[in-house]
Amino acid sequence: MTKAILNQQELIKKNISQLLAQLTNIYQNTRGERQEIAIQFPPEDEEFSLLEELELLTVNLRGYASQIQSTGQIVNQAQAIEQLQAMRVLNIPQIASFYFGSNNSYEQIKSYIRTLDYLRLLLLEYLQFQSD
Amino acid sequence: MPEEPISDEFLIELLESYTSAEAAEIQQYLSEWDAATYASVAQSILDHANRKGIDPLRYLRKAHNFNKKGAIRVPKTGYRGDSSAVYRKGNEYLIVRPDQYGTEKIVTYGVNDD
């Protein structure tokens, strides 16, 4: 691996760490919106609710990001790449319907969703440098 | 028999501010959890507690005390394509997945209005 690639990878790692902190802040600031969403978008019996989908996505992405932050790598890298590619945020029906269906409202949660997807793309970019 | 040294740096960090009785309680709860995409269960709990702004032991107790009896489970049996299922009751939910032996483990616990 060349020095230039190493530097680029270090930059992505730094960016991932910053995004983790930023996501924590945004999450904590969305409490009011999440309370409202719990009422406006209640769970249907056969589906995960919007908040449950967001929580699962959050945990899956933060887990991978935390591994990179602490060790610089991810166990089972090939599997992680496959999962991250499949985890397109707006492919989750509850999230897509909320994101495109509630114009001019819940802007903080929407920003949180965009930042989560940016984290997913950064994780993929970081892992692709490693597999080069 | 001498105790084995702890090799998980996150577990050391998680336990460091607790009494030995509390540390034992934490370790008991950790066995109910799955590391999922984290390096270890302890890393997962530290990250959950930090994001949710709650003491880790308090968070673990709340997840442990979630009573699956009478909760709605989605899907009703088995798991979704991503191996997850959710139990919900009132404003609380528990997302689970089976481990390699098929035992259901906690991936996350949440409260809708926390």
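How are α3(B) and α4(B) oriented to each other, roughly parallel or roughly perpendicular? The structure is a predicted model, in which local features need pLDDT of at least 70 and side-chain atom pairs count only at pLDDT 80 or more, whereas totals for chains, interfaces and linings use all residues. Residues are numbered from 1 along each chain as its sequence is written, chains are lettered from A and ligands numbered from 1 in the order in which they are written, and side-chain values use heavy atoms, with hydrogens and water left out.

In chain B, the axes of helix α3 (residues 41-52) and helix α4 (residues 56-65) come within 9 Å and cross at roughly 100°; helices are DSSP runs of H or I with at least four residues, strands are runs of E with at least two, and both are numbered from the N terminus. Axes are lines fitted to C-alpha atoms, for helices over the stretch in contact, and angles run from 0 to 180 degrees between N-to-C directions. α3(B) and α4(B) are therefore roughly perpendicular to each other, a term for angles of 65 to 115 degrees, while those under 35 count as roughly parallel. In the contact (heavy atoms within 4.5 Å), Ile45(B), His48(B), Ala49(B) and Lys52(B) of α3(B) meet Pro56(B), Tyr59(B) and Leu60(B) of α4(B).

Rolling a probe the size of a water molecule over the atoms shows where empty space is left. On a 1 Å grid over the protein atoms alone, a cavity is a set of points where a 1.4 Å probe fits but cannot get out, a pocket is an open set with protein on both sides within 12 Å along at least five of seven lines, and lining residues have an atom within 4 Å of a point. The largest pocket has a volume of about 700 Å³, and among its 29 lining residues Asn60(A), Gln83(A), Met87(A), Thr37(B) and Arg97(B) are the closest to its centre. The largest share of this lining, six residues, comes from α3(A).

The whole structure holds two cavities of 30 Å³ or more. The largest cavity contains about 110 Å³ of space, and of its 14 lining residues, Tyr27(A), Arg34(A), Leu51(A), Glu55(A) and Tyr93(B) lie nearest its centre. α3(A) gives the most to the lining of this cavity, with four residues. The second largest cavity, with about 40 Å³ of space, is lined by residues that include Ile37(A), Phe41(A), Leu51(A) and Asn112(B).

Notes. Points joined across faces, edges and corners; volume = space filled by probe spheres on them. Parallel < 35°, antiparallel > 145°, perpendicular 65-115°, else oblique.
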